[in-house]
Structures are given as C-alpha cells and as structure tokens.
Amino acid sequence: MTQSLKPGENTGLSVANGLVQVTHAAGANLDVNLTAFLLTDAGRVEDDSGVVFFNAPVHASGSATFSPPSNQAGMVRHSISYDLNRLPAGINKIAITLTQDGSGGGFAQVTELSAQVVVGDQVLALTPDAFQGETGITVLELYVRNGQAKARAVWQGFASGLAGLCNMYGVEVSDEPALVEPVAAQSKPVNITKSVITLDKPGVAHKVSLEKGAAAPKTIKVSATWVDNGDGRDNDDLDLRVGILRPDERMSIIQAPDKRGAFDSDPYVFHTGDVVSASSSAPGIESVEINPAISHRMGGRVALVCSVYSAVDNGAVSVASLKPKMRMEYGDQIVECAFEFKSGFFSSMVYTYVLGTIEIDGDSITISPSGVTSRTGSEATPWLTRKGDKVELTMDGPHVFKGRPIERSGKKQYI
C-alpha cells in the first residue's frame, strides 16, 4: 500500500521500525549526504552521539543506522534504517536531513529528488516542491505520539547547509571539514558548547557583535517554535512573519510560501519554508536566515520585527497557548525571547504575537523581546517606523494573507 504525504502532513505507521530512502539523479558536481538527528522534546540533540551520518553510521541504541549510498542506472539512493522502539530515554524524534555540498546551485541542481518510508507493506511517498539555492533540507520527522509511531513530511530548506541544520538541532560544528571528509572513527566531529541568553521581559535588550574575516559565521538565523496546545483540534499552525524596515523608511515583508525573500540579494532575508502543524513531541519550527551584511548592503540601519500569526482561516486558537518562542543564532551566540504570558492573554481572538525585534547597524546587532499582540479580532500586521534614533512598533500595518493580495492600510504598504 502506497500513501503520498505532502509537506506538513503526517500519518501513523503500522510498525515502529522501517527504512527511509532518498533518491535523486546522479550528477558530476553533486555531493549529497543524508544525516539523522536524534532529538529531545525541545527539538535538540542531547550530545554529539545524536548525529548519525557516514562518519558515525550507527547510534549506540540501534534506533538509527546509516547505509552508504548506491548508484544504479544514473539514480543515487541514500538510506537510513530506524527503530523508534529503541529510542533512548529522553529522545522521542528522529529528523532525517539532506545536505548538498557540491559546486553551485544547492538543491536547485538536484533533479528527480524524492523520498519514501518503507514500513512492512506500507510505503509513504514524499515528493518535495522545487528548491532554489538551499543547501540543507529537513526531509521528514519520525516520532512517537501517544504510543503511536508517526511520520511527518517536512521538506524545509536552509541556505546554510549542514551548519544551519546543526544550529537548529543544537549541534556546534567544531571542525566543519571533518564532517565533509571522513576521518578516524574515534574522532568527535561535533560537540555542544553553546550558551543561551534568555530575554523574558519587554524592555530588556542584548547586543551581539558581528565578526569579521573568513572564519566569521555566514548567517544569522532566527527561528520561531511552538507546540500543540492539547485542545484536540487541528489548529496548531502558526506562521513566522518578518517585517523589514529599510534605511529609506520603506517596509518589506517575508513569509512562506509566497514571499520567501532571498539571502544573497535584496532583501537579504530568506524564509526557509512553511510548517503547518505541531505536536508535543514534534514542535513546529519556522526560520529565516539573515545575511550578516544586510546593513552594509542596504546602506544603513535595518530593523526587523519578528512575529507569529494564526490566520482566522485556521479556526479559533489562542496564540499564547501554543507557547511561541524566538531564537536568534549567530555562531556560538544564542539569544532566546520567551515570556510568562499574562492572565487573560489567552483570548482566541488574538491572531498576531510579536516575538521580538532585531536592529542591525553595520556590525552590531541588538535584539529585544516584545510581547506585543494585535488588537482583539484584528489581522493587522506589525509595522516599524523610526523616531529619531529609536524604532517604534505599532500594530497597524496592512493585512497580509498567504497566497492572497495585500490589503492596503492608508499610506502604509509593504514593497
């Protein structure tokens, strides 16, 4: 029996063990690699043993095993076998990912890309949308929820390849070439040494300095995470939306899937993809990657407002009940914005919640938590303006809907 899964869809598995296979057409300049990350409830690895790939092919628990790729009739097949019954205590999900380290184009150069999960006589077929210059992809997630083994198609792309995937899953790449070139089995190519600064009160701020030189991190990553609120309804779909205040006072908006932006060209912010569901064991995560040179490229100070939004079409849901958080990562510097939600904030008529703002001025970043919400029943978006040296946030921007035209609001409009 074959079942097709679209990105964001999930389904139950007949048994807890099976085989993941990813195939694509061979190419002379391709270097595609399959990696599994074994994750906790928080969506992070516990330590470097939680990464299974060609240089660490078998997890000690036996829950994930990597097999070398094969090439037959011009098609390359990568595979990882798994057994969710053998996941260690504290680990409840396996994320299956791909990277493309070959020359130029990322996954835009990888043709006939597809994946399948083989579970007994059950076959799940996962076909992605077209990719652009992404060099890293989370293909799918395997997890257990309420005793049921499940699979969720993801197909979320990243412009920063393996480094972006490692950052998202809590792994620091201490020697990136060691992950690309096989080394002795006893070596440890990844480790966890990052510290996290948590901002949980509006009005506080934290500054990060951008590094210079060839070794400087190549991306600023901002992610929003949320969880299933346990109400038993299929309404746990938030969207990460970023408004960009340019040096010339104009505003741009980034959201998936219709306004994903670009990393190496204007607006220098790239949305890695839309996620449409979440659970207690598989939190929803959407992220954007910001070019560290954005201020220099645009010619002045840039401010970004990061918010999560639940459309009216999703049904009544309290955004706060999904416990959204924001994380900014730049190299080994991590800043989180999280809040203790106030009593009465759990109204199902509040659709937009501002996680935080980021100001980038040359080589300096200032990140601040917010906690501002839209007015009850309003779908107006966050809007930024400059008042002297300060950036002012208001909740009166145009209504913006995925896949539908922007509703104009007076003179305020996004470019």
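The model is predicted: local features need pLDDT of at least 70, side-chain atom pairs count only at pLDDT 80 or more, and totals for chains, interfaces and linings use all residues. Residues are numbered from 1 along each chain as its sequence is written, and side-chain values use heavy atoms, with hydrogens and water left out.

Strands here are DSSP runs of E with at least two residues, numbered from the N terminus. Two strands pair if DSSP finds at least two bridges between them.

- Six strands form an open sheet in the order 2-12-11-8-4-5, and the pairing is antiparallel.
- Strand 2 (10-12) and strand 5 (51-52) are the edge strands, and each pairs on one side only.
- Strand 4 (residues 32-39) runs antiparallel to strand 5, and two bridges join them.
- A36 has V52 in strand 5 as its bridge partner.

- Seven bridges link strand 18 (residues 239-245) with strand 23 (residues 302-309), in the antiparallel sense.
- Within strand 23, C306 is the residue opposite V242.

**A cis peptide bond**

- The peptide bond from D266 to P267 is cis, and its omega is near 15°.
- P267 sits in the loop between strand 20 (261-262) and strand 21 (269-271).

- E112 is a residue other than glycine, yet its phi is positive, near 55°.
- The loop between strand 8 (93-100) and strand 9 (114-119) holds E112.
- E112 has a relative accessible area of 56%, so E112 is exposed. Exposed means over 50% relative accessible area (1.4 Å probe, protein chains only).
- N146, also not a glycine, has a positive phi near 50°.
- N146 lies in the loop between strand 11 (136-145) and strand 12 (148-158).
- N146 counts as exposed because its relative accessibility is 79%.

How values were computed
Helices (H or I, at least four residues) and strands (E, at least two) are DSSP runs, numbered from the N terminus. Buried means under 20% relative accessible area, exposed over 50%, partly exposed in between (1.4 Å probe, protein chains only).
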